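Colleague: Could you take me closely through one part of this model, the place where the two chains meet, and spell out the criteria as you go?

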Number of protein chains: 2
Amino acid sequence: MIKLVCVGKIKEKALQSLIDEYLKRLQPYSKVIIVEVDDAIAPQSNSEAQNEQVRNLEGSKILAQIKDNEYVILLDLKGQMWDSIELSNQISEIQTYKSSDITFVIGGSLGVSKAVFARANAKWQLSKLTFLHQMVRLMVLEQIYRSYKIMRNEPYHK
Amino acid sequence: MIKLVCVGKIKEKALQSLIDEYLKRLQPYSKVIIVEVDDAIAPQSNSEAQNEQVRNLEGSKILAQIKDNEYVILLDLKGQMWDSIELSNQISEIQTYKSSDITFVIGGSLGVSKAVFARANAKWQLSKLTFLHQMVRLMVLEQIYRSYKIMRNEPYHK
């Protein structure tokens, strides 16, 4: 099973509709679920200590959604970069040798707590660019879909 | 002015709606337009020579949309990677010292012709990952929006 643990709700209907489309396309390949945990309020005026509190609060909610056997890939701007074929190989190898349950964690706008960071089995950098974290959800789903297409040697579009 | 020259039409309404949303958000910052050129039919059974023909056909349509004074940034998997702040600096420097008209070129699913490659003033790699080229349009617009927010020192979300 593939699980995405994400912080916050998707507000744009159009974005949600694209996410739903990829969940549908993924059905023949794997069970894929999205778990949303509540984001904490973080005004721009927050001190770094207050931001740390936000990350800790969100972090404990993220960790509550992860079981011991799950292999956790944290989306992280300091993570490793993979191309689509490498990602596909990663997923395939993890599911064969490590755990059939892979959980991708997409933190909130302030990033994740140290505890979430420590729980991660791997850290993955999608791009050097910073994207709206809600859009990251769509980008990750599209890549997981592409990964399965690559694994099965099926044609996919660019 | 910022121009995106893209190959093919967006078929998903939801994706078009997100693209329109970013075009709207960009209005206070810069004139931003999208020019779509027709994609050529490229069946999986095509030979490499036939694919080259497709790229040349699409390429000549792309080049017809670019004026001499425009600074062309080609989206390319072998291009340079920038983080969001570096991209913002690039746009700002190009518009100050080189040309106020920046054109981003997003090729079709087979990539672009040698002529388009030769016309490019810079090549930009969004990510090591291969994304659906229609989704790249949204990702580029979100980054341009973010670039202007960074230039103006305005808060933006992650």
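**The interface of chain A and chain B**

Modeller: The axes of α1(A) and helix α1 (residues 13-26) of chain B come within 8 Å and cross at roughly 145 degrees, where axes are lines fitted to C-alpha atoms, for helices over the stretch in contact, and angles run from 0 to 180 degrees between N-to-C directions. This crossing of α1(A) and α1(B) is left-handed, a term used if the near helix is turned anticlockwise from the far one by less than a right angle. Ala14(A), Leu15(A), Ser17(A) and Leu18(A) of α1(A) make the contact with Ala14(B), Leu15(B), Ser17(B) and Leu18(B) of α1(B), contact meaning heavy atoms within 4.5 Å. By class, six of these residues are nonpolar, two are polar and none is charged.

The model is predicted, with local features needing pLDDT of at least 70 and side-chain atom pairs pLDDT 80 or more, while totals for chains, interfaces and linings use all residues. Residues are numbered from 1 along each chain as its sequence is written, chains are lettered from A in the order in which they are written, and side-chain values use heavy atoms, without hydrogens and water.

Taken as a whole, the contact draws 32 residues from chain A and 32 residues from chain B. The two chains bury about 3,000 Å² between them, 64% of it on carbon and sulfur atoms; buried area is the accessible area (1.4 Å probe) lost on putting two parts together, summed over both.

Four salt bridges are found across the interface of chain A and chain B, each being a side-chain nitrogen of Lys or Arg within 4 Å of a carboxyl oxygen of Asp or Glu. One salt bridge joins the side chains of Glu12(B) and Arg25(A), at 3.5 Å from N to O. On the side of chain A that touches chain B, the elements giving two or more residues are α1 (13-26), α3 (84-98) and α5 (133-151) of chain A, helices here being DSSP runs (H or I, at least four residues) numbered from the N terminus. Of these, α5(A) gives the most, with seven residues.

Note on methods:
Ala, Val, Leu, Ile, Met, Phe, Trp, Tyr, Cys and Pro count as nonpolar, Asp, Glu, Lys and Arg as charged, and the others, Gly among them, as polar.
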